[in-house]
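Please read these points with the model open beside you.

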Amino acid sequence: MLDQEHIYPPAYVRKQNVRTQSVYIDLFLKEARQLLRNADTLSNVDILEKESAGDHTEEESVLWKFDIHDNRITLNTNICTISGFEKVIELLRKKAQQPSSRHRPSKRTHYSLFHPILKPIFELSNTLYKPTVNIFNHHNSIQLMKHCVHSFIRCGYSFFLDVPSLIASTEKILSQPGAAQEHTIETLLILSICTLMIRHTITHHGGDLELADILTHTYHHQAHQILQNLFDVHDMTVVQSMFLLSVYPQGHIHLLSPYRSNTFLLNMAIRMALSMDIHHLDLHYNNTTEQVERVRRFAWMLLCADYFAAWNEDDQNCGLIEVSEWHVDFPRPLPTEISTQTIDYFSHYCRVIMHRKMDLFGCTLKSPNTWGLDEHYYSIHFDIPDKFKLNLLNPHQVWNKSSDLESLLLYELYSHTQIFAQLPLLPPHYFTVFASEEEEFRQANFSDLYQQITRSSSSIPSTHLPYTSLEYDMEQEFHYLVGCMTIINYYTLILEALASIDHNGCYHNPIYGVVLTSLLYIIIARSCPDPEIRSVCHINLHRTYCLLIQTKLARIDPAILFLERTFTKHNIPSKKEISTPTLSRRSHDIMRSLQSKLPYLYKSYDDGNDEKVMDI
């Protein structure tokens, strides 16, 4: 028996307290690359086992196999001589040098088919009616702008700004005559914040959302005029203002969201920050001051935005920022910060994004033979920290904003990540059938909505999907579908939980999740041969519709209009109204039935324990 080197969880996973034990990016990247090498080694284990039978001769038969344990791999063999041992070692060496013959979906296979279906909806969501009449002076007030700044501090991602300085600058610029012209950089930052927050601020105060859209456009126009004179000024406040303006016409939630658009201002902000050496921050500073820590947080905001903007453009390089050039340690709480929950959440969020950027979630093949191995890797390297774990399967769970918000947001990110790790495993014809059958409906409705919003005609490119020849047997297809549906079902549950504690959209926008899940439910229900899976899709489409109606009460988004038409086309909702908890229980019960058919995949699902914590 030959023991391979033990594979332990990396140092950054073993550390439980983010506040007391800082995580250095160099260590993180070193261990992440080691994880990739380990995954590549383990993914070839079963190939070696299958091919070994044909590699020994009758004269000297050498039998061997691998046994995979939680923290090691053992080699069992019948060798009794040194020559036999040398033969095994030589065989292993040859196999390790050969490229894997197994099909591995390319890094971006999952998005090359789904991206053309999603992208037009997100582009529609970024469309904003531009007013022709200037009513700014009739409705704007100093107090309204102050409300915007305070809303950003309370509801936005203000942790990368010096809040006391921001409040002082706001008072000075809005109260003193001529201060705005004298302090243009501070004025730019305040107008950028108002652009982000005016819609949300008016929502909080029960105002007119159409007026909010007009003021959003006006603040953006004023900020852009100031920015034209500051494009060549290498100042961190200017970069931060460009970053804030880059999400226009969306709001503050999209600063840190998978729903991120690739814009000119975002690219400019990233390039200017890189020219200021922000990506080498922790090569230059040995001691962390409050200012350095806030720049560190902003650097990670840029990296996350850069990644998702590239992701949504189907960019193979995953952004402008190179992992090999990134020397910024993970964010950490400051001694002066009483609550560490938000920064601990953000720090772990950044780890997940770096995992995604390095394609660590796609590092092993997911098939019936290796699923247990992948789950083992997920549980060790990609699991949610203990302080953020929730019991999602408790039917009587009551969610609380103060204690559960960051946990639910982290679960949402994990679910989103695993959905796109699963998509390469679905049969490609699921997407091509949907695209061809929905083409006429989508073209007509996108054109009509653009006409209503912009008063001009617009068309979207034809949803042409590349042909992919990849066939599965029925067992494989069922296995992949159950795995994918499990994650999407959890995602729907998380969206419902977030909507129940964040009615005004202070911290979360469910539209991206509603778009993603509703499309996947429709795609799978259209082509899946299994009646139970189709039933889950139809039940969860009703749940998603309820989420959409709830979202509509607090937001104006053109994507909502398109989704409403899509639901109507597919006869959602039905005439018979059923409560969301009842639908959720039905979906849960059917998923239990489906998962019980794959006992090797869901060993603990039929043990009757509904208190099990969700493993992602």
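The numbered points below follow a short note on the model.

This is a predicted model, in which local features need pLDDT of at least 70, side-chain atom pairs count only at pLDDT 80 or more, and totals for chains, interfaces and linings use all residues. Residues are numbered from 1 along each chain as its sequence is written, and side-chain values use heavy atoms, with hydrogens and water left out.

1. Aromatic pairs. Rings of Phe, Tyr and Trp (its six-membered ring) pair if their centres lie within 6.5 Å; planes under 30 degrees apart count as stacked, over 60 as edge-to-face and the rest as tilted. By this rule there are 21 aromatic pairs. F28 and F330 make an edge-to-face pair, with 4.8 Å between centres and 75° between planes. F28 belongs to helix α2 (residues 25-43) and F330 to the loop between α15 (290-312) and α16 (341-357), so this pair ties together parts 302 residues apart in sequence. Helices here are DSSP runs (H or I, at least four residues), numbered from the N terminus.

2. The other partner of F330. W300 and F330 are stacked, at 4.8 Å centre to centre and 15° between the planes. Since W300 lies in helix α15 and F330 in the loop between α15 and α16, the pair ties together parts that are 30 residues apart in sequence. Both W300 and F330 are buried, as is F28; buried means under 20% relative accessible area, exposed over 50%, and partly exposed in between (1.4 Å probe, protein chains only).

3. Charges over rings. A charge sits over a ring if NZ of Lys or CZ of Arg is within 6 Å of the ring centre and within 35 degrees of the ring normal. R351 lies over the face of F330, 4.5 Å from the ring centre. R356 lies over the face of W311 at 4.7 Å from the ring centre. W311 is also a member of an aromatic cluster with F114, Y307, F308, F420 and F431.

4. Salt bridges. The whole structure holds 19 salt bridges, each a side-chain nitrogen of Lys or Arg within 4 Å of a carboxyl oxygen of Asp or Glu. What do D448 and R565 tie together? Their side chains meet at 2.8 Å, N to O; D448 lies in helix α19 (residues 429-454) and R565 in helix α23 (residues 558-569), so the pair ties together parts 117 residues apart in sequence. D448 is partly exposed at 32% relative accessible area, and R565 is partly exposed at 25%.

5. Bridges within a helix. E123 and K119 form a salt bridge with the closest N and O atoms 3.8 Å apart; both lie in helix α5 (residues 109-125), four residues apart, about one turn. R294 and E290 form a salt bridge at 3.7 Å, and both lie in helix α15, again four residues apart. R294 counts as buried at 15%, whereas E290 is partly exposed at 36%. Separately, D282, E293, R296, R297 and E337 are linked in a salt-bridge network.

6. S158. Is S158 buried or exposed? S158 is buried, with a relative accessible area of 8%, and is found in the loop between α7 (142-155) and α8 (163-175). Its side chain reaches the backbone oxygen of I153 at 3.3 Å. Leaving aside neighbours within four places in sequence, S158 is in contact (heavy atoms within 4.5 Å) with F152, I153 and V163. F152 is one of the buried residues of α7.

How values were computed. Helix = DSSP H or I, 4+ residues; strand = E, 2+ residues; numbered from the N terminus. Polar contact = N/O pair within 3.5 Å; in protein donor to acceptor, adjacent residues only side chain to side chain.
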